[in-house]
Each structure stands twice: as C-alpha cells, then as structure tokens.
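Subject: Structure handover

Hi,

Here is the structure I said I would pass on. Please open it first, then read my notes beside it.

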Amino acid sequence: MPLPSHLLPALVLFLAASPGWAWVPSRCRPPREAVCNFVCDCRGCLDEAQCGYCGALPTLDAPFACSFEQDSCGWRDISTSGYSWLRGRAGAALEGPGPLADHTVGTDLGCYMAVGTHRGKEASTASLRSPVLRQAAPTCELRLWYHTAAGDVAELRLELTHSTETLTLWQSSGPWVPGWQELVVATGRILGDFRVTFSATRNATHRGTVALDDVAFWRCGLPTPEARCPLGHYHCQNKACVEPHQLCDGEDNCGDRSDEDTAICSNHTATDFETGLGLWNHLEGWARNHSMGGSQCPTWPRRDHSRNSAQGSFLVSVAEPSAPAVLSSPELKASAPDNCSLVFYYYLHGSKAGCLQVFLQTQSPGAPQAPVLLRRHHGELGAAWVRDRVGIQSEHPFRILLAGQTGLGGVIGLDDLILSAGCKPVPEVSGPPPGLWAPGPWPQPSSLQLWNFCEPGYLFCGDLCVPPEQLCDFQQQCLGGEDEQDCGTTDFESPTAGGWEDASVGRLQWARLPAQESRVPGTGAARATAGHFLSLQMAWGQLAAEARVLTPTLGPSGPRCELHLAYYFQSHPQEVSCNFERDTCAWYTGHFTDVHWRRVESCGPRYDHTTGQGYFVLLDPTDPPAQGTAAHLLTQPQVPAAPQECVSFWYHLYGPQIGTLRLAMRREGEAELHLWSRSGTQGNRWHEAWATLHHLQDSGVKYQLLFEGLRDGYHGTMALDDVAVRPGPCWAPRHCSFEDSACGFSTGGWGLWIRQTNATGPTACGPRVDHTTQTPQGHYMVVDMSPQALPRGRMASLTSEEHRPLARPACLTFWYHLSLSNPGTLQVYVDAAGRSQVLRISSHGGFAWRLGSVDVRAEQAWRVVFEAVAAGVEHAYIALDDMLLQDGPCPRPASCDFEAGLCGWSHLPWPGLGGYSWDWSSGATPSRYPQPAVDHTLGTEAGHFALFETSVLGPGGRAAWLRSQPLPATQASCLRFWYHMGFPEHFYKGELRVLLSSARGQLAVWGTGGRQRHQWLEGQVEVASAEEFQIVFEATLGGQPARGPIALDDVEFLAGQRCQLPTPSQGDTAVATSVPAVVGGTVLLLMLLLLLGLVGWRWLRKGRCLSRRKAEAVAPGFDNILFSADHVTLPPSVTNDQ
C-alpha cells in the first residue's frame, strides 16, 4: 500500500530525528565537475564517496578503491535479462559455483559483486556500470580482480564510455584460469564525464558464473592548483604544477593542455600520424592504421595515444624476427651535441618475443657508421601505450632508426613521435632516398636460439628439438644444458644477464651496470673489483610506478624451490626517534612479505598520536589485500649511544581479529632478541610502551630495531607513532606477559623463579598452559616449592624494576596459579622507601589461573615484590603471569564500568569460536566499526564500554567471548549489566547471551536478540553454581552476517545477593540515552495515531459488511505471545476476543 502523500513530511521528520539517521549538514559544496574526479576537495573526501570507489582520503600513491565489503560503492547493474550482477559473499553464495572466498579478506565472510547462473538458453549479457566519473589523468590505471571457472562464461569485457564513444579497454574469451585473476588496464587521458562498464556474456553452453572484487583506480587524479611550484617545475594556466620533462610530451598533464600549448612547443616537431607520416616517411614493414576497421587480432591496439580514440591513427607492425620492420627519421643534426631528444610512445602486446629497438646511425664525412643501439624494449607489456625518451649525442648528422619485431600473435605499435627543438632536419640532396638499413636478428641467449631444423619456438640441440614448455623447467634435456641456460641463474657478468629482462613502464627501471659506474662500493655480489649487477635507474614511462625485471618463463618447480639473491640498499643515516610527520626517519619496511607498514595521514577513524591530525605508520592487511602473515618495520643499523638505552613508542591495536605486535633487536651474528609484545585488540586508543636495550660496552657492534606485525586475520589494524630512543634504562613496564622476557624482574631468597613454558620448562611441575595465550607454548614465571628446591618456611622473592612515581592511585593486577597440593603462601609487597605488605594469598590451588589485585599509592619510585613461602609439600609450585598496572582503584571481582579498561575480563579469542575478540572503545573515538554514540556510565561520548562488531562473524555458530575471572561457588548471586544492540536490517538479529562456564561445561542463563534501538537496556540474571565458575558474555548471530554492534557497560556482580525486581519508578529496563530517540518516538506515535485514524475511518465505512462476516464466523483471538527481545508478555485480557 503506497504511503499517502500527506504523511511524507512526517516520515521525513521522523527519519531525521532518529539517532540512526543522523543527518549532519556539510558546508563543503564542490561544483559538479569536482565530484568523482579522483581529487578530494572536501574534508574526509566526501565529494568522492559512492563514485565506484570508497571516499576515504587515500594516502600518497594509494588508489581510490572499492572492496565491496560495506556496499557496492555506487556500481549498478544495468542488465536487461535475468542474468544480472548482485553483491554477495561466499558464505551466502549465489546459485552456481562461485568463489569459495572473496579476494579482499580471503575468507567466506568477504563480499564481492557476482552474477549467478542463468537457466535461459538465449545469449545474455550481465553489465555492471560505474557512476559518472570525471577527468582521468594520462597516468590513470584501473585494476580489478575477477573470478570465473573454466567454461562458465563466454566472454568478459571492460569498456569505457565518454562523449559519444565507447572504448573497449579489455576483452577476453578465455581460456580461464582458476582462482582470482588481476586485470590492469590504462585508461589514458579522459576529458569530461565517463563511465566504466564490466560485462559478462553467456550462451547456451556457458552457465555464466563470474565474480568481481577490489576495483581500484590508480593515479587518476589531475594535479591540484598550487600557489607556488617547486623549483624548475612548470606552472600551468590552471595553477597546477608539472615536472619539466612533462612539457611538450604529447600528454595533457596539466589538465587544461597548457603544458602542450603551441606557444611553448612550437619548436618541437610532433608526428601523430593522424594525417600522414610527417617526417617519418622512410619505412619498411610498418603500416599506418587505426583501431576501427583494423585487424581482428585480439592484441591489436584498440585506440591510439594521440586522441585516446578508436578513430585515431598510429603505426603498427606484425613483423617477424627474420624480417624486422624499420622506421627511419630524416637526416638530422643537433644544434648542440647533447640537446636533441626523441619522445615516442610504443605498444608491445601479444607475444613475449616482441622487441622494439632504437638505433642511432651517424653520417660521418666518409661513410655512414654502423648503427648504435640506444634503447631496447622486450616482452609483453600489455595493451597500453608506454612513453619513452632517448637523448641524442652526436657532432655529425644522424638518423634515428626504430626497428620492431614480434612473435606469433604479437603486435608492435608507434605513436606520437616528438623531436625536441634541438633536432634540426638537414636539407635532403636531390636523388633517390637511401636504402633502409635493417638490423639483424637480436642476439638471443643460447637457450632461445631457433634453428630451421625444428618448428618455430623449438630449440635445436644435438639431434633434439626441445619444445618451448621444456625450456627453463629445471630439467636438462640437452647434453650441453643449452635448454637451461639464461634461465635466471646469473651473477650478471654476462651481457645476457641470465635472461632477466626489464619490463618497467613507469619512472623507474632496472639496468645492468658495472660497479665503477654506480654509487655502490666497488665490489659486486661476487666481491670482484669490477663486477656487474642490476641497478635501479630513472626511466621515462608514465604508467605503473614499480620497476619490474622478469626471468624467462620458468617451471614447473618443486615444493622446496628457493630463490637466493644479494641486494643492497643505500640511504643516508637518520634518527631512530621519529614522529613520522615529515618522513619515516631511519625506519623502512621489510620486503620479504606482501604485508607492509605504510606511512599514512590522519583521516576519519584513523588518527595519529602526536597531534591527532598528523602522520603515523599503519599496518592494514586489507589495503592492499595480503597473503602473508608478517610485516616488518626496521631501522637502519645503529651505533649504541650508551650501555643501556630506552626505546619508547605509542601503539594502537584495534579490531576483533588483529594478531600480535612485537618489538625485537637484531645484532649481526646473533639470534633475534625479543623485547616486547602485545596480542589481541587493546581498545580503540593509543597506548605507550617501552623497553630497555642492553648493549655490550665498547663493543662497537651495531644493532637494528624491528617491529613485527603478525596478523591473525583481516579484521583490524596496527599502528605506531612517536618512537623515541634515549640513553639510560627505562622504568619498569606497566604490562608484562613474560612472552618475550622477564621484564626486568630479579629473583632472590632461597628459591629461584624461572621464566618457562609448560612445553619446554626445566622444572618438574607448573601450569599446563599460561594465562596470556592459554597454550602450552606460552610463558610465565614459576617457582618450585617442593622441599628439595625450597625447604619449609623458606622464601623465594621476585622483584620488579623501579616503576615511575604515580600521580594518582593505581591498580596492579596479576594472574597466579597454585598447585593442587598446598604450596604455601604468596605475599605481595610494595617497596617505596620501605616495604609494606598489600596482599597475602594462602589456599589450595586448582586447574585455573586466578586474578589478584592490589591498590597502589606511591608518589616516588617504587617496586613490587612477590614472595613465595614454602609449606614443604611435594610437587608444589606457584606461578605468575600477565601483570598490569592501570590508573584508578581496583574494582570488585567481575565488576567493571570499563572507564580504565576491561578490569580483568578476558577478551582474547577462545579456541573453536573463529578467533574473534571483544574490544574496548568510546563514542568520542573515531572508529571504522559502528558503535554507540555514548556510554552508560557517564552518558557522554567520552565514556567507555566493551564492544563487539558482529559483521566479522559468519553463519555456523561462531561467536566471541568476554570471560570473567574465576569466581567461587555461590548459591545465589546477582549479575547486573547494561547492553546496547543495533542492527540496520530488520531481518538480521544479533544475539547476546550470558553463560556460566565451569568444569562441567557451559550453561546459558540469559539471552536476548537485538535489533535497531540505539539505547542502553538493563539486564540482570541470578546465577548459582555449586563449584568455581566463570561468567561469559557471548556475542553471536541468529542469522546471516550483519553489520551491527553489541556493547556492554556497567557490569556489576553482587556476590551472595539475590536480584531485586526494578522499582516502579524505574519503568522499563530500557533507558534511552539521547533526545533524538525521544523525539523520534513521539513523531512515530503521532504517525501511528494518524494511521489508526485512517484505518478506523475505513473500517466504519465497511462496518456492515464486517458485521455480517462476523455473524457467519467468529474470528480467532490472539495467542499469548512472548516478545523475548522486550521481555513483555501480553496478559490474557488482551489476548481474549472480547
């Protein structure tokens, strides 16, 4: 039933008043042409939201990307049949064999765009179209990942539509490779508005299952206006700045073509082949052509470079190595020996044997000299036009020769040949043009030489013809090993470089250089005085920034195949202390995995520690998606400044599946020394940590610091900021898990405290698992209390390093484990200008770790001392783990307002539940996950709460636990708490349950399902247990994965007290926390009354009919319905039909 038009204003008011629909006006109103143009004009990049990519502000050299995890980013299905695109996930797969995991997350919880199978027999095309995008730069690249199984689709196509033309950027009919495949295409310069369309076509024999994920636009934004340009740069008419080499290069780098204006480029000679060959009219094997009406070869250029259009013209060749195509310039001379250059754009696609060579042939007074090779490009570079520039140095007249050759199915193209102002044509003498010089075949490595005795592509050796698939397969076929030569193994002394070929298309490239021509110390990898190696050099390409060097096609290989190489980094010494505001100082990222730390700027939920608006280093395993598990951030080798140094830093570990952050120190020739680590989420805030570095005095041995991020999944981020190193030792750490060291604790007395694991510990007894990791591999401190190790009445002490003075009272918590047989007494002292006992524990042990806590007040430096006094019992021990110092007084057992932390509630993942954990946050802290706007304790956004985001969970019963400390048996105790739940889809339902966990198992004593409420509700349950138990808050889902928070606050455990029913003044157990919710509820009530009035009026008009129907049959009444979510039971008086 359509909503009456007069109710629309009220509905709009209701939505605006609801807290879930918070509408915040934005003062940023960019013009239409500045929206979706790959440039962030508004704070938070709001003008680039829903543009086919995420609107979050990208970091330097980061793409505008869409992972489809939150929504479709504006991509729309425009199919006209039942074969269409939908957003889905592997955990709730569309019909048909789709991917088992998405590409972003790598699990069945990740989302992607997909088309399912179509049962029709007619040919159908499913098309997915981007929103309107604007103004792509010449360097723009579109990268995406697609998935299709063999035989599932007839054709995939990627198209770009602008003005009145549709360009085919990529098209393929297979064969398809299993798994996710990456597609990279260059869009070229696009003027004005355009759209991108990805389509999949099926026919009667192809079912058509296709998936699309991780669409990213790289380097697509035009330069922004600047008040002043760097020295040497060109200031465009639109106030943008471009580098000097971008002037007169045939591309609109400014965005208004002022860098190609005739006023500054009139002395250049440009040939775009649109109207003819220009000066380049001496050619053999080349043909002027265009895309429209050209060859049907799938590798043929689909557009030219000059106009970025299928109607544009270019030179093209399919010449074979036996007869290369040659293009010659007219005879030229340089106005000065080194001020003539040629800019050109080339196309190498379809064959790994494709090769383009640039030669210089000088015209000496006697006779022409043999051409000299200036540049060589080889291999498969994709369907893109790549820029290059060669400088000419010649005192005599010369010609420039461009020679091309390719293999089966390959194409070579040339476009936009631009001679600089220093290149002057020499007047031609009358007579026939000189014959063109043709280069001989390029000297091929012996492993690739072709002979007439064999078929093309085969290698002849002895009496064998080795097929291509057996070349470089690590199995020798020829007696002389010719089939395995130049297959990547090399010391780069040979000119063939072991078969390695540069395949770079950007501003960097790899080149083979002798040691004396580089800045590297004059020893090669083989320690020779004058060796050769590959070195990174500047290049002239305009596409992908990374430099690539490739071997010939290798393999297959065995599972133990290894690659060994020597590499060298050269940089200037810098400080380890760093706030990352200007650069990364002495820190650099490791290169042995695909997970990397990146320096990023504060934006949205990501903010630095220094200023809240500056820079920091971030580890996000989803940006880009990573397959490895570890990321390294290292310093350059450092010289110790003192025998002891203190390294301090701020860290941020946040997310339900984050992993471990570790600090280690390396010395040459020694094993890596672990200094510090934290595991699991630490709440949505920055924390300070420190560790002492111990150096050998006067040894001069350099050291490196290493931060290692070990991810457990993809849900969460790690960050570092404000690293500082100073001479002298650190204070005692505020947290110690004993996983990496003894944290400076020293042992004394008669016994000996030992740091050990149950798996490798030297003592005969100890806890089966530690408390930190709950595994036998975890570390703890333990003392043997048996009579042989510690006689009855004797004491073993464990003393901390000095703690810094406390400005306010603090709570020191620790976990202890006592053996089943009574080991004796554990005494805790605080030593601050005199010892005082603060806790004494003497009881039988058990199988569980228990929480101890002491309040500490110390206005001067202090230490904590643990003393174990033996009872003289065999097989007895006392163990300690996980010490933590937090501000504020110690709470009661299993009670917490979450203002200072989790108060002993354990949030680490529990085995078998999927590896997810609860978190800790506040409404004022920016977060990538939805969360309550205010807490319950303070009722403000500054208050804190425990939080779990359920979108990371999938169907199948996985959950996250928040566990209390072990509690003693009780006949009746009351557990009170406040909870907050909100799910945007009405058909999704999160669940919060309270479990009692003991040696007998788990017992559910309370539960509720949550929908969109945006308010804190009170829950209470009476618990009873005949044995020691733990309280567990379990967050899970009652349906499909949904994005919604479950939060807890003000948990109170009243031991020995029964629960009291709420007083009448308290009303419902739901307490609203925001005025908008009240206003929204009032508006909703008015709307309901209005609708009831309309229904009543219609009922009165039909009253007679209804009366007759009632006489014929009595309508059944309501059943007694229990609304478990609201705890409301309708009484019989309401349910009776009276």
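**Aromatic pairs**

F866 is buried, because its relative accessibility is 0% and the cut-off for buried is under 20%. F814 is buried too, also with a relative accessible area of 0%. Keep in mind that this is a predicted model.

Together, F814 and F866 form an aromatic pair. It is edge-to-face, with 5.1 Å from centre to centre and 80° between the planes. What does this pair tie together? F814 sits in strand 49 (residues 810-818) and F866 in strand 53 (residues 863-870), so the pair links parts that are 52 residues apart in sequence.

Now go to Y979 and W1006. Their ring centres are 5.4 Å apart and their planes stand at 70°, so this pair is edge-to-face. Y979 belongs to strand 58 (residues 970-981) and W1006 to strand 60 (residues 1001-1010), so parts 27 residues apart in sequence are tied together. Are Y979 and W1006 buried or exposed? Both Y979 and W1006 are buried.

The structure holds 28 aromatic pairs. There is also an aromatic cluster. W587, F649, Y651, W676 and F707 form it.

**A loop residue and a surface patch**

Look at V105 next. It lies in the loop between strand 3 (85-89) and strand 4 (111-115). Its relative accessibility is 5%, so V105 counts as buried. Which residues does V105 touch, leaving aside neighbours within four places in sequence? They are E69, G110, Y714 and H715. V105 and S67 are 38 residues apart along the chain, and their C-alpha atoms are separated by 9.1 Å.

L565 is also in a loop, the one between strand 33 (549-550) and strand 34 (587-589). Why does L565 count as exposed? Its relative accessible area is 59%, and exposed means over 50%.

**Backbone points**

One runs from G174 to P175, with omega near 0°. P175 is in the loop between strand 9 (165-172) and strand 10 (180-186). Another cis bond runs from G555 to P556, with omega near 10°. P556 is in the loop between strand 33 and strand 34. L565 is in that loop as well.

D214 is not a glycine, although it has a positive phi of about 50°. It lies in strand 12 (residues 210-218). D214 is buried, with a relative accessible area of 11%. A894 is not a glycine either, and its phi is positive, near 60°. A894 lies in the loop between strand 54 (877-887) and strand 55 (919-922). At 1% relative accessibility, A894 is buried.

The mean pLDDT of the chain is 80. Of its residues, 79% reach 70 or more. Where is confidence lowest, and where is it highest? The lowest is strand 65 (residues 1122-1123), at a mean of 28, and the highest is strand 26 (residues 411-419), at 95.

Residues 1-26 have pLDDT below 50. Beyond near neighbours in sequence, this stretch has 27 contacts in the model. Residues 1064-1083 are also below 50, and that stretch has 28 such contacts.

Best wishes

Notes: Residues numbered from 1 in each chain as written. Predicted model: local features only at pLDDT ≥ 70, side-chain atom pairs only at ≥ 80, totals over all residues. Heavy atoms only, no water. pLDDT = per-residue confidence, 0-100. Helix = DSSP H or I, 4+ residues; strand = E, 2+ residues; numbered from the N terminus. Contact = heavy atoms within 4.5 Å. Buried < 20%, exposed > 50% of the residue type's maximum accessible area, 1.4 Å probe, protein only. Phe/Tyr/Trp six-rings, centres within 6.5 Å; stacked < 30°, edge-to-face > 60°.
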